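Dear colleague,

Please find the structure we discussed below, with its sequence.

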Amino acid sequence: QVQLVESGGGLVQAGDSLRLSCAITGSTLSSRIMAWFRQAPGLEREFVAATNWNGAFTSYQDSVKGRFTVSRDTAAVSLQMTSLKPEDTAVYYCAASQQYSTSPGTYNYWGQGTQVTVSS
């Protein structure tokens, strides 16, 4: 059974950096798109970034372009976040899908989420 387990969240100040990791167990998921989503209180879950099996394809939400970098190997996917802003505060989830999409409904494997809080 495929499991995704996120780690690396925490409380940081605006301008700081943070690296999130998502360990993939039960399968390499090598043929799947791996993505990061986030959800702030009272808001819908939104797409943050995605990458394909070898990292040759990446996609980012406009608000994080130039600040966040997604990367992966066969056993994990990471999200390096720099120049963090208070509006980046959310629970961050990793997810897997057979095809690329920015819609959460396309993804059929999800981690439990990790909290990122950015203070001003």
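In which order do the 4 strands of the open sheet stand? This is a predicted model, and in it the order is β1-β3-β8-β7, with antiparallel pairing. The edges are taken by β1 (3-7) and β7; each has a single partner strand, so one side of each is left without a neighbour in the sheet. On average, neighbouring strands of this sheet are turned by 15° against each other, direction ignored.

Glutamate 6 stands opposite cysteine 22 in β3.

Cysteine 22 also takes part in a disulfide with cysteine 94, the two sulfur atoms lying 1.9 Å apart. The count for the model comes to 1 disulfide. The pair links distant parts of the chain, 72 residues apart: cysteine 22 belongs to strand β3 (residues 18-25) and cysteine 94 to strand β9 (residues 90-97). Both cysteine 22 and cysteine 94 are buried. The torsion about their S-S bond is about 45°, so the disulfide is right-handed.

The side chain of arginine 67 reaches the backbone oxygen of serine 63 at 3.0 Å. Leaving aside residues up to four places away in sequence, arginine 67 touches Gln80, Met81, Thr82, Ser83, Leu84, Lys85 and Asp88.

With kind regards

Notes:
Residues numbered from 1 in each chain as written. Predicted model: local features only at pLDDT ≥ 70, side-chain atom pairs only at ≥ 80, totals over all residues. Heavy atoms only, no water. Polar contact = N/O pair within 3.5 Å; in protein donor to acceptor, adjacent residues only side chain to side chain. Contact = heavy atoms within 4.5 Å. Disulfide = S-S within 2.5 Å. Helix = DSSP H or I, 4+ residues; strand = E, 2+ residues; numbered from the N terminus. Buried < 20%, exposed > 50% of the residue type's maximum accessible area, 1.4 Å probe, protein only. Pairing = 2+ DSSP bridges. Axes fitted to C-alpha atoms, helices over the stretch in contact; angles between N-to-C directions.
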